[in-house]
Amino acid sequence: DGWETVRSELRRPAIRTPLPATLLAFSAGDLLLPSKDEAQALKPALEERCLSNKLEVKELDSNSHEPLAGDIDFVEMLENSPILQAPKDPVSDFKFPSMQVLEEGSKDVEQLASLVSPVFCSFSADSPSQRRFGLQGVPAPEDVGNRPVLLVGNHQLFGSDLGPLVREFLVDRGVLARGLAYPGAMRTREGRGPPQFQRFGAVPVSPRNIFKLLQRGEMVLLFPGGIREALHGPGEDYQLFWPSKTDFVRVAARFDAVVVPFGGVGADDSAQVLANFGELRKRAEDVVPFMARSQKRSGGLMPVSESLEGGLGFPIIAPRPIPATQTNPGFGDRFYFSFGKPVDLKDVNPKDRDACAKAYSEIRGAVEQELAWLQEARQQDPYRDFAKRQLYERVASLEGPSRRIPAGPLKGELVKSYAKRAPSFEIDQLAAPPKPMDMESVESVESVEAEPESITTP
C-alpha cells in the first residue's frame, strides 16, 4: 500500500506547495506488484505539484521488484534526470519570447478576448479625462532611466485578467510585463509544455523573485491581493484584499522603482458568485468539530498575500444567463483596464516606515479610484452590449489583423492572432478620476465619525 499512501499525502490540501525536481522510476515487468500501474496512478498527482520540466517518469527495463539491486546504473540515471540537471533561474535565465511563442500564447488569450473585447486606458495629462486609449501612458523601464516599473492592481475572478494584460503590453508596447503568479498556475500541463504564463515570463510569487526582478530593472506585474481576490466570495466583487504590511513598497523603493496603479473590471460581472467553499467548510466545522483541520497553515506565498493565511476557499459560481448590455452586467461583459498616474518611489527611503506606509496608502487609494472610474465610464460604452459588440467585431475581423509590435525585440512583427475590437466610450468626454484621499485624511474622518460627542457648535 506504499503508493496509495504517497498519493494520499500528495492530495492533502495543507501541503499543496510546489515540489522540487522529481524522478519516478518503476520496473516495466515487476512480477511481484503492479509497479507500472501504480506509477501511472501517481503521475497525475506529481504533475500537479511539480513545475514545468521538473518531473521525469522513467520505465526501467527490469522484471524485478527491486530493480536497483540489479544492473541498473543508479548514478547515471540521476545524472540524466531533472534532479541533478542545472536548475534554471526563472528570472535570469528567461529569454524574451519568439514570435512563434507569442502567437501560440496569443491564440490562447484570443479565445477569451474574442468574448470580452478588453479595453485599455492609461494616464494622459493632456486629456480632460486624464486618460487615453492604449498603454502609452505607462512608462517602460527605458523611459525612466532603466529603473524597474511595478504595475500594481486588483485581481479579477479566477485570474482571467492576467493573459489579456500581459499580451497587451507585448503587442502595444513591445515590452514584457513579468507577472508574479500563484505557483499552482505554473504547473506542467501534460502534452502542452510550459503554461502560457511561464512562456510570457511569469514567475512563482516569492520574496526572492520580486527582489530579483526589480533588481534587474524589469517591468513587473503584481496583484497584492493575489489568489484571495481571484477566488473571492459572494458580495466581494472588486474589493481589495491587500496585506497590512508594506513589504512590496519597501522593496520597490530600494530599487527606485516607478509604481503604476491600475484597476480592472469586467470578469466579476460575467458570473455570479453564489458561495465560497472555504466559508461553507468553516460553517460545517462549527457544527461538526471533527471536520476541523488539526492546524492552520499559511498560504505559503509571501507577505504580499498574507490574506491567504486563513486558508483558501474556492468560489461556487453560476454564469449569468442574460448577455451584458450597456448599463447592466451579464454574460460576456466587457473587460476594462485603466492605468493611473505613475508613483515615483525614487525619493522614498525604504527604511522609513512612515514614508512607505504613506506611499502604500496612495497606491491602494489610486487603484480604488481606477476601479470606481471604470465602473462609471463603461456605462457610456455602447459596445459594452454583448450582442452589438459581437456583431461589429465579426464584420471587422474580415479585414484581417492590423496590430504590429511598435518596439522591442519583435518590433515590426504582425500579430496575426490579435483580432480587431469594437470602439468604446468617448474618453475625452469623461471626467477625470478624483484624487484618492491619503491615509491621514481617512484617519481623521474615522476619528470624527467615532467621537461625535467631541464636536461642539458655537
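Contact is taken here to mean heavy atoms within 4.5 Å. By this criterion, and in what is a predicted model, L345 touches V249, A252, A253, D256, A257, V259 and A359, with residues up to four places away in sequence left out of the count.

L345 is also one of the residues with the most contacts inside the largest nonpolar core, a set of 41 residues in which L150, L180, W242, F248 and V249 are listed alongside it. Two or more residues are given to this core by each of β3 (119-123), β5 (149-153), α7 (207-215), β8 (219-222), α9 (247-254), β9 (258-265) and α11 (353-377), and the greatest contribution, nine residues, is that of α11. Apart from this core lies another, of 36 residues, which includes M219, L221, F262 and A271. In soluble globular proteins, nonpolar side chains tend to be buried together.

Helix α9 buries F248, V249, V251, A252 and A253, and these buried residues pack against β5, α7, β8 and α11. The helix is followed by D256, for which phi is positive, near 55°.

Two cysteines, C121 and C356, are buried, the former with a relative accessible area of 0% and the latter likewise at 0% relative accessibility. Across the whole structure, a search finds zero disulfides.

Aromatic pairs number 14 in the model. One of them joins W242 and Y360 in an edge-to-face arrangement, with 5.9 Å from centre to centre and 70° between the planes; it links distant parts of the chain, since W242 belongs to the loop between α8 (226-230) and α9 whereas Y360 belongs to helix α11, 118 residues apart. Because buried means under 20% relative accessible area, W242, at 8% relative accessibility, counts as buried, and Y360, with a relative accessible area of 8%, is buried as well.

A further edge-to-face pair is formed by W373 and F425, whose ring centres are 6.2 Å apart and whose planes are at 80°. Because W373 lies in helix α11 and F425 in the loop between α12 (386-396) and α13 (439-450), this pair ties together parts that are 52 residues apart in sequence. W373 is buried at 7% relative accessibility, and F425 is buried with a relative accessible area of 2%. Both residues belong to one aromatic cluster, together with F133 and Y336.

Charged groups also sit over aromatic rings: the charged end of R131 is placed over the ring of W373, 5.9 Å from its centre, while R228 lies over the face of F241, at 3.8 Å from the ring centre.

Notes: Residues are numbered from 1 along each chain as its sequence is written. Side-chain values use heavy atoms; hydrogens and water are left out. A nonpolar core is a set of buried Ala, Val, Leu, Ile, Met, Phe, Trp, Tyr and Cys residues joined through side-chain atoms within 4.5 Å. Buried means under 20% relative accessible area, exposed over 50%, partly exposed in between (1.4 Å probe, protein chains only). Helices (H or I, at least four residues) and strands (E, at least two) are DSSP runs, numbered from the N terminus. A disulfide is a pair of cysteine sulfur atoms within 2.5 Å. Rings of Phe, Tyr and Trp (its six-membered ring) pair if their centres lie within 6.5 Å; planes under 30 degrees apart count as stacked, over 60 as edge-to-face and the rest as tilted. A charge sits over a ring if NZ of Lys or CZ of Arg is within 6 Å of the ring centre and within 35 degrees of the ring normal.
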